[in-house]
Structure formats: structure tokens, C-alpha cells
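Subject: Structure handover: cavities and salt bridges

Hi,

Here is the structure I promised to pass on. Please have it open while you read my notes.

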Amino acid sequence: MKNIKLTLFLVVLSLLMPTALMAQNTETQATTSLPKKESFFKLSNITYGGNFGFHLDSYQFNVLLMPEIGYKLFPRWKISVAPLYSYYGYVNSDYQNGEHTLGVRVGTTFDILNGTRFPRFNVFVYAGYQYEHHWTSDYYFDEYDANYFDIGLGAKYRVHQRANAYLLVSWHAFAEARAGGFGADTGWFTDPIPSITFGVEIN
């Protein structure tokens, strides 16, 4: 009798084991197939690079160097921050001392084209804020601070799978120069001549 009961128990157990294993596998597959919540921050959206720029008019010239790091909030919209160094020289002026500048620029760009018709070429608009601290060896007007709000238009071309070369033409939409006790000199579009910047963006 004991053998019969043991045999029946083993038969029932052998029938239930596959069912239990199948149920466990189904539960595991259902758990792993749930969509994962994507993180907003992705390392692949980080861009880095730098640019070289210049500005020239009848009074002065400016040479600019600026490494840059950015982040793509969306495929066509990027924000960036960049420390900068520039040198201002003067032409046709009695003021012979050049000016050195350290500062920072925070900007954003938006690609106008969606990349379907021209996959390697794009046009973008730019807006940004730029702070500069100027100093010179002149005994009378040795240093001052400047704030700029810029707008611009640019074009970029994909030269590699992960690299773009670009050209940006920008204007100071608003400028404020503050020099110690001399107060502030402010104005809208005070300089009609644009700044031209060449750069590389890697992502």
C-alpha cells in the first residue's frame, strides 16, 4: 500500500513540476519584457569641441579661442558652455595697448533642417550670453567687464560619423560694458559688423 501511495505521489509530482517551471518562466519573461524607463541624461548626447573666431572693423580686431562642451536635449536642440580667451588689438588709434580677455559663454543652437533631404548638411540658429573680463597695461583704463547677449545664424557639415565642422556668424544683440567708476555703456545692436567663428563639434 505504501508503495502505491509513493508511486502516486511521484506521478503527481512529476506532472506538477513542468507546470510550475513553465509558470515561473512565463513570469520571468513577462518581468524582463516590461519596457525600461529611459533616463533623460545620456552620455551619447554629450558633445565637445571648440572654435576659433575673429572680428574686424576700422577701430579694432579681435581673435577668440574657445573650447566647448554641450548636451543635446533633443536631436535638433543643443545647449553648451565654453570658457573663452580673446585678444583685442587696435588699429588706426592712438590707443596702442592690446587687451586680454577671459570669460565664459553659455549658448543654445537649434537645427532648422530635419536632416532627411540633406543628411550631412544643416543650418542652425544661435542665441547665447557671453561674459568677458578685459584687462590691459594702460594706466588710465586698465580693466573692465562686459556682458553680451548674442544671436546668430550658422551652417554645419558632417565630416565624419561623429564630427561636424561649422561656421557661425553672430551679432551682439545687446551689450553692456562696465568699467569701475566709469559706469556702464549699454546699447542694442551697437556694432553692426558680425563676429565669425569656425568650430568643430564631436559627439
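Below are my notes on the cavities and the salt bridges.

The model is predicted, so local features need pLDDT of at least 70 and side-chain atom pairs count only at pLDDT 80 or more, while totals for chains, interfaces and linings use all residues. Residues are numbered from 1 along each chain as its sequence is written, and side-chain values use heavy atoms, with hydrogens and water left out.

**Cavities**

A cavity here is a set of points, on a 1 Å grid over the protein atoms alone, where a 1.4 Å probe fits but cannot get out; lining residues have an atom within 4 Å of a point. Points are joined across faces, edges and corners, and a volume is the space filled by probe spheres set on them. Three cavities of 30 Å³ or more turn up.

Among the residues that line it are Lys78, Asp111, Lys156 and Glu201. Its lining has six charged residues, three nonpolar and one polar.

**Salt bridges**

With a salt bridge taken as a side-chain nitrogen of Lys or Arg within 4 Å of a carboxyl oxygen of Asp or Glu, the count is five. Glu68 and Arg105 form one of them, at 3.1 Å from N to O. Glu68 counts as buried because its relative accessibility is 12%, under the 20% cut-off, and Arg105 is buried at 8%.

Lys156, in strand E6, is buried too, at 14%. Its bridge to Asp111 has the closest N and O atoms 3.2 Å apart, and Asp111 is buried at 8%. Lys156 also meets Glu201 in a salt bridge of 4.0 Å. Glu201 lies in strand E9, so this pair ties together parts that are 45 residues apart in sequence. Through shared partners, salt bridges join Glu68, Lys78, Arg105, Asp111, Lys156 and Glu201 into one network.

Best wishes

Terms used. On a 1 Å grid over the protein atoms alone, a cavity is a set of points where a 1.4 Å probe fits but cannot get out, and a pocket is an open set with protein on both sides within 12 Å along at least five of seven lines; lining residues have an atom within 4 Å of a point. Ala, Val, Leu, Ile, Met, Phe, Trp, Tyr, Cys and Pro count as nonpolar, Asp, Glu, Lys and Arg as charged, and the others, Gly among them, as polar. Helices (H or I, at least four residues) and strands (E, at least two) are DSSP runs, numbered from the N terminus. Buried means under 20% relative accessible area, exposed over 50%, partly exposed in between (1.4 Å probe, protein chains only).
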